[in-house]
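Please examine the structure shown below.

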Amino acid sequence: FTTPPGSPAASPAKLDSPGGGSAPATPRGTKKGSKKSDDATTRVRVFVRVRPAVRKNELEAAEGDKGSTSAIHCQGSKLWLLEDASGGGEGTKTEKKGGTRQFVFDGSLPPDSQQEEVYRLAVEETDVVSAVLEGINGCVMCYGQTGAGKTHTLGNVNKGSEGVVWRALSQILGNANGNTTVSLSYVQIYMEQIYDLLDPQANVDLREDPKEGVVLTGAMSEPLTDIEQAVNVIETANRNRVTSATAMNDSSSRSHSVLLLDVTTRAGAKILKGKLHLVDLAGSERVKKSEVQGQAFDEAVAINNSLTTLGRC
């Protein structure tokens, strides 16, 4: 994400809280002297959203029935993980020492935060989407443990709790005019292969173009006219996405999905082209906890390997 020039940079931090997730994004491609400053449009911003306890085992742990509890406190850019001493006697393997750990992000959202607040803080105020209309590429990426609520945060379309995708489409299509065209491509990365969710039979590949850079070839592109049509296209495509039930998530995404919005705006003699990538990553998982076997185990290995590679980037 981006923030206004002069905002303090977030310290590198990792997420240790169960059920938490982070969503980094940044628009790129600003030229010197453009409307938006380099500082505001080229830095990766990281926000953390903490999911409330919703499953039986989480609720039990929150009430202290499992012996070990932890509390998460969010305030501004800081997040505190407060741990209680728990389990086992002195010197045993199950003994834990209570303590407080602090993490610093560009912003933190507590469990009672609403979808509208997430979008305002992490997308609107950072100009990720609005910059696309000015020809600047951007990306919003949801990252976190399996079951953390990434797909809900990004792709939910239920009235009153619409996610980032719905709100971004509304913002872009709402600002589009006769000089703006918007098209949508939607792919998934499953077991290290790219598949087109709009046309599963298509052969999709990544290639490097001398002028365009790295481009996605072979993927179907659907012109968009309004939000209702866009939602219908996405919901149809989502039926082709690979999901399965695990011990940690009843509907676990077994692939990374990338929704690409291609926005072209004609401004006088200029033609501005901006791309917005909305990425719903598959969740990292511990096989011991998710209890996956067979094909699901192979999927977990591929997912964790790809997330490790992303972390290195």
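Glutamate 117 lies in helix 3, which covers residues 115-124. The model is predicted.

Q: Why is glutamate 117 called partly exposed?
A: Its relative accessible area is 30%. Buried means under 20% and exposed means over 50%, with partly exposed in between. The value of 30% falls in between, so glutamate 117 is partly exposed.

Q: What makes Asp112, Glu116, Glu117 and Glu124 a negative patch?
A: These four residues form a negative surface patch. Asp and Glu count as negative, and like charges are joined within 9 Å.

Q: Where is glutamate 162 found?
A: Glutamate 162 is in the loop that runs between helix 5 (150-155) and helix 6 (164-175).

Q: Why does glutamate 162 count as buried?
A: Its relative accessibility is 11%. Buried means under 20%, and 11% is under that limit, so glutamate 162 counts as buried.

Q: Which residues does glutamate 162 touch, leaving aside those up to four places away in sequence?
A: Glutamate 162 touches Gln115, Asn156, Val157 and Arg167. A contact means heavy atoms within 4.5 Å.

Q: What share of the residues of the protein counts as buried?
A: Of its 313 residues, 40% count as buried. Each of these has under 20% relative accessible area, because that is what buried means.

Q: How many helices and strands does the protein have?
A: The protein has nine helices and 16 strands.

Key
Residues are numbered from 1 along each chain as its sequence is written. This is a predicted model: local features need pLDDT of at least 70, side-chain atom pairs count only at pLDDT 80 or more; totals for chains, interfaces and linings use all residues. Side-chain values use heavy atoms; hydrogens and water are left out. Patches are made of residues with over 30% relative accessible area and no salt bridge: like charges are joined within 9 Å, nonpolar side chains (Val, Leu, Ile, Met, Phe, Trp, Tyr) within 5 Å. Accessible areas come from the Shrake-Rupley method with a 1.4 Å probe; for residues, only the protein chains shown count as cover. A salt bridge is a side-chain nitrogen of Lys or Arg within 4 Å of a carboxyl oxygen of Asp or Glu. The place of a charge is taken as NZ of Lys, CZ of Arg, CG of Asp or CD of Glu. Helices (H or I, at least four residues) and strands (E, at least two) are DSSP runs, numbered from the N terminus. Buried means under 20% relative accessible area, exposed over 50%, partly exposed in between (1.4 Å probe, protein chains only).
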